Amino acid sequence: MTDLVFIFGKNWMLSLAELIVYLEDRGLLRELKDYSKMGAVVTTSRPVKDGDIIDIQGALGGCFKVARLFHTYPLLLLKDAFPNKGTAKRAARNNLEDFPWLHEVFGKPRGKKITYGVSTYPSQTREAPAHYLHFTRGMNEYIKKQLLEKGAKKADYIVYDKPDQRNPRRINTSLWPHTIAKHKLLKRPNAEILAVFTESSVYLARTIAVYDSMLQQYRDESRPFISAEISTSPKVCRTLLTLAGAKPGDTILDPFCGSGTLLMEAALQDMNCIGIDIDGNAVSGTQRNLIWLGKDLGVHINFSIQKGDAREADKIVHSQVDAVAFEPHLGPLFRKRQNWDEAERIIVELTLLYRATLKAIGKILRPDGRIAMTIPVILTHKGDISIDIKQMLKGTEFEVYKLLPHHVFSKIDMSKREIDINTNRTILPERKRGQIVQRAVVMLGRG
Ligand SMILES: C[S@@+](CC[C@H](N)C(=O)[O-])C[C@H]1O[C@@H](n2cnc3c(N)ncnc32)[C@H](O)[C@@H]1O
């Protein structure tokens with residue numbers, strides 16, 4: 001058993017859903033111990049090596065960092081040591097400075113040059129339980145003092161407390177991937193220490209794997225066929241693959257493959273790729289992208305991309321597929337909010353397209369295979385309008401699954417939580433700021 005801490009991307013609920021599905025599919029989830037809008041703490045059902053942690057992070061679209069938990073503090077101690085208002089309690093500060101975990105994280109510091117940094121992840125509740133900036137700086141200082149007292153030759157910490165680029169009023173208290181890479185914080189004895197605040201505790205963990213933003217950007221920008229207007233984000237593609245239950249070695253179908261972003265993500269996880277698109281340019285673009293990726297990685301990618309209509313997927317694909325994941329055609333690319341009637345007309349049309357596609361998929365998907373897809377949410381002057389899932393599934397073999405299943409949260413007392421979870425949810429939004437056609441994610445199967 002291993003206790004792991006996962007740091008979520010922007011869309012915390014979808015990230016949490018993805019994490020649960022990933023771990024449950026692999027029989028790895030023993031217990032979800034705690035969560036906040038920033039991350040989750042999980043006990044695995046078997047020991048997990050560092051290499052496994054790197055693979056888990058690489059497969060998840062919604063997890064920025066994965067870390068090993070090494071200590072848990074009750075929130076009250078932190079409230080007293082770094083109060084949001086008023087003065088700190090000396091006893092609480094002294095208690096904190098003890099660090100029984102120092103050896104576990106840094107080994108024997110004597111004679112070593114150590115670089116580290118504390119990244120704080122606030123609980124995002126209405127009222128901050130502690131003064132996060134003071135906490136981050138305080139922890140960095142205390143650790144430095146302890147390491148030097150224990151004979152470290154050098155102990156330097158990295159801080160990143162500049163304002164957030166997206167929201168200048170917010171101060172960043174966590175380190176970004178490029179800072180972690182630049183200062184080699186994942187290489188022992190160096191460390192990035194995560195302090196994740198939830199509504200009951202503060203979890204301290206050592207980061208093992210971080211989202212490689214530079215590699216992702218390189219792939220996005222260097223692939224030969226780029227179609228910014230239609231492309232799905234690679235992170236969303238990874239989330240869809242996880243929700244569809246796709247595993248290395250599986251054959252994946254994307255019946256609306258566009259520029260092939262999802263199939264590239266599948267290929268990166270050693271999956272076999274089948275793609276369909278009605279547009280010949282998209283077909284040759286996806287082929288070029290997959291050939292480029294294979295050359296870049298120095299591996300052979302198994303793929304078959306064909307021009308055709310997703311509604312006839314069963315006539316185009318002649319073998320069984322293990323999982324189906326896709327962002328379908330989402331209707332016209334609107335620049336302004338629509339009127340309700342026009343949006344409704346499009347939604348009806350798309351519902352028919354998706355229903356026919358799902359019927360065709362039913363004929364080629366493995367009996368226990370799953371489907372994960374996005375659906376459009378169109379913003380109109382009168383409110384949002386989206387696909388009625390019941391209508392979409394009429395006459396198909398599929399049902400919609402709950403994304404945050406109740407049994408996973410049974411040990412967490414939700415009644416006391418400010419940030420609670422609706423365990424009946426079958427649709428989760430995947431919002432992109434500024435777009436008129438937003439998306440949501442669903443997971444389907446035969447029940
Ligand atoms: C939103 S894009 C997919 C984007 C893709 N996930 C990517 O990252 O590039 C939808 C794609 O569906 C294709 N399409 C539209 N109607 C189709 C149909 N009936 N059958 C197959 N493909 C279709 C479009 O040509 C477009 O490339």
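**Close-up views of a predicted model**

**View 1. Val377 faces Ser386 of strand E14 across a strand pair.** The model shown in this and the following views is predicted. Strand E13, residues 365-380, and strand E14, residues 383-386, are paired in the antiparallel sense, and 4 bridges connect them. Together E13 and E14 make a hairpin, with 2 residues between the two strands.

**View 2. Eight strands are arranged in an open sheet.** The order of the 8 strands is E2-E3-E1-E4-E8-E7-E5-E6, and their pairing is mixed. At the edges are strand E2 (29-35) and strand E6 (154-157), each of which pairs on one side only. From one strand to the next, the twist averages 30°. Strands of a sheet are held in pairs through backbone hydrogen bonds, in either a parallel or an antiparallel sense.

**View 3. Strands E5 and E7 run parallel within this sheet.** The two strands are joined by 6 bridges. Across this pair, Gly117 stands opposite Glu192 in E7. Gly117 also provides a reference point for Thr179, which lies 62 residues away along the chain: the C-alpha atoms of the two residues are separated by 10.0 Å. Thr179 belongs to helix H7, residues 177-182. Thr179 counts as partly exposed because it has 17 C-beta neighbours inside 10 Å, a number between the limits of 12 or fewer for exposed and 20 or more for buried.

**View 4. The loop between helix H7 and strand E7 contains Lys184 and Pro189.** Strand E7 spans residues 191-197. Most residues other than glycine have a negative phi, and most peptide bonds are trans. Lys184 is not a glycine, yet its phi is positive, at about 50°. Because 10 other C-beta atoms lie within 10 Å, Lys184 is exposed. The peptide bond that joins Arg188 and Pro189 is cis, with an omega of about 5°.

**View 5. Gln124 has a positive phi although it is not a glycine.** The phi of Gln124 is about 60°. Gln124 is located in the loop that runs between strand E5 (113-121) and helix H6 (132-149). With 15 C-beta neighbours inside 10 Å, Gln124 is therefore classed as partly exposed.

**View 6. Helix H9 is largely enclosed by the rest of the structure.** The buried residues of H9 include Lys235, Val236, Cys237 and Arg238. Thr239, Leu240, Leu241, Thr242 and Leu243 are buried as well. After H9 comes Gly245, which has a positive phi near 80°.

**View 7. Helices H1 and H9 pack against each other at an angle of about 40°.** Helix H1 comprises residues 12-25, and the axes of H1 and H9 are 9 Å apart. H1 and H9 are therefore oblique to each other. Their crossing is left-handed.

**View 8. The ligand is surrounded by 20 residues.** The closest of these residues are Phe256, Gly258, Ser259, Thr261 and His329. Helix H10 (261-268) and strand E10 (272-277) are the elements that give two or more residues to the shell around the ligand. Divided by class, the shell holds 9 nonpolar, 6 polar and 5 charged residues.

Key: Residues numbered from 1 in each chain as written. Predicted model: local features only at pLDDT ≥ 70, side-chain atom pairs only at ≥ 80, totals over all residues. Near = placed C-beta within 6 Å. Nonpolar A, V, L, I, M, F, W, Y, C, P; charged D, E, K, R; others polar. Pairing = 2+ DSSP bridges. Axes fitted to C-alpha atoms, helices over the stretch in contact; angles between N-to-C directions. Parallel < 35°, antiparallel > 145°, perpendicular 65-115°, else oblique. Left-handed = near helix turned anticlockwise from the far one by under 90°.
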